[in-house]
There are 2 protein chains.
Amino acid sequence: MRFREASGVTRITEASFEAALAPDWDIAGVVDGGYLLAVAARALQERTGREPVAVTAHYLSPGRTGPAQVDTAIVKTGARFSTGTAMLRQDGGDVLMLLGSFGTLRADADVLLQEYQPPRLPPPDDLPRVRHTPGHPFPPPFMDRVDLRLSPEDAGFLGGQPSGVAQMRGYWRLLDGEPYDSIGLLLAADSLPPTSFNSGLHVAWTPTLELTVHIRAVPAPGWLRVDTRTRCISHGRLEVDGLIWDSADQLVAMSRQLMLVPQG
Amino acid sequence: MRFREASGVTRITEASFEAALAPDWDIAGVVDGGYLLAVAARALQERTGREPVAVTAHYLSPGRTGPAQVDTAIVKTGARFSTGTAMLRQDGGDVLMLLGSFGTLRADADVLLQEYQPPRLPPPDDLPRVRHTPGHPFPPPFMDRVDLRLSPEDAGFLGGQPSGVAQMRGYWRLLDGEPYDSIGLLLAADSLPPTSFNSGLHVAWTPTLELTVHIRAVPAPGWLRVDTRTRCISHGRLEVDGLIWDSADQLVAMSRQLMLVPQG
């Protein structure tokens, strides 16, 4: 199933939408957080007629394959931004709450300052896809729903050789070159393996408490390059900072999530 | 007026609180965004009995000195986190909406990874306070409500000599050594002059669309060191990333805000 359909929502009332979380978009049975965010944001995108500019999700309970409902509320409709909330529910339980501002994404580049650099990677065709290994928890089924090519510098953990740097970089696109818009960037922001897998530290399952994505521009078609990095693991938390570059070398999105480190 | 009183809220009903935005906490008549965030978070802190861990505010209209109301809603009460929203209103108009998760801040250091470094600064007593200049828009009245000592490397813009790096670093505390808790960190996260003032670019007034703060720990008493930096100004937006260090060299908070760059 294409992402556009998998993340689609059907309007039921002015404020409520129905969705169906598709099979195999999960990690160990838990639906990917970026996919959940995309579905919730899609509802507000349809309601406001605007694109996500700054969206924050708090994860309340694990998402599961199956029917879902998204209840939206508009907080403000301004000249440039519409701000609203979206609650994604399943079986009457709250899964994710989103607060976001939606607006117009400018097409012109207009870069006044850029201190970040896109990651240097070999051509994507030279890199293997990360694929789900049936019968194993990792790589999870979700990996078969996107086309991810990890940097050789960061892929060693797949063979038991973590890099020692809590970073994951790679090319990312939807399957079969399916085009994506701003909503696809929300998926991409939570599509790479946990940075902790490369940390060399004994940090295992890290549930996400909160994820914020700032979208700067509509991405140009083609491969994205995603760079995720953790620089501080302390007090039972770690952050993952993401930079997403499009094929025109534009920094199209910045993301940060706060994850919980299990107490040993 | 001390910050504790200036940011105090009085419970009116189970969900609603009254506040009074104090005089002189403004920048050109607009109340500081960190102060607004602190007031809104204070209401949820009181309602949940927990400390802010991850809070996001979307700014809807300028805050003004005077009465305010904070209407809270609890989304989830879990074993470790309470998630809720708070809407700060004035005269019936929406000023700020907060979505946040509140929990326990661990006291033990427990740092597994730390790639950031606190800024190197001369002793605070060797640095002048940034003070409001009556009759001038900058430094604004708000600067007299906190005790900010900018790094000499970043303070040249006050004399018309921006550093050329979109960064502001300095010591920060409340006036007269007033103690602060996690809510004080929310104020500190939006207390330094705009990074754009040091960029050397023609970026003037930059209203905040969204501000997220992750709090890792209760700060130790004494001076904070705050390091704010902008690395990408593009497509009509800029981010400000903040790191807040306490006197025990703990990274106690990370912040990011998305600001709007006026279209020329």
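The model is predicted: local features need pLDDT of at least 70, side-chain atom pairs count only at pLDDT 80 or more, and totals for chains, interfaces and linings use all residues. Residues are numbered from 1 along each chain as its sequence is written, chains are lettered from A and ligands numbered from 1 in the order written, and side-chain values use heavy atoms, leaving out hydrogens and water.

Start with the two copies. The same surface serves both: 100% of the contact residues of chain A recur in chain B. Contact means heavy atoms within 4.5 Å.

Now the interface. Chain A gives 61 residues to the contact, and chain B gives 61 residues. About 5,400 Å² is buried between chain A and chain B, with 58% of that area from carbon and sulfur atoms. Buried area is the accessible area (1.4 Å probe) that two parts lose on being put together, summed over both. In chain A, the residues that lose the most area to chain B are A:Arg216, A:His235 and A:Arg256, together 16% of what that side buries.

The term requires a side-chain nitrogen of Lys or Arg within 4 Å of a carboxyl oxygen of Asp or Glu. B:Arg229 and A:Glu115 form a salt bridge through their side chains, at 2.7 Å, N to O. Strand β16 (residues 251–260) of chain A supplies the largest share of the side that touches chain B, 7 residues. Strands are DSSP runs (E, at least two residues), numbered from the N terminus.

Turn to the rings. The whole structure holds 16 aromatic pairs over all chains. Rings of Phe, Tyr and Trp (its six-membered ring) pair if their centres lie within 6.5 Å; planes under 30 degrees apart are stacked, over 60 edge-to-face, the rest tilted. A:Phe157 and A:Phe197 make a tilted pair, 6.0 Å centre to centre, with 50° between the planes. A:Phe157 counts as buried, at 10% relative accessibility. A:Phe197 is partly exposed, at 29%. The cut-offs are under 20% relative accessible area for buried, over 50% for exposed, and partly exposed in between (1.4 Å probe, protein chains only).

Note on methods. Helix = DSSP H or I, 4+ residues; strand = E, 2+ residues; numbered from the N terminus.
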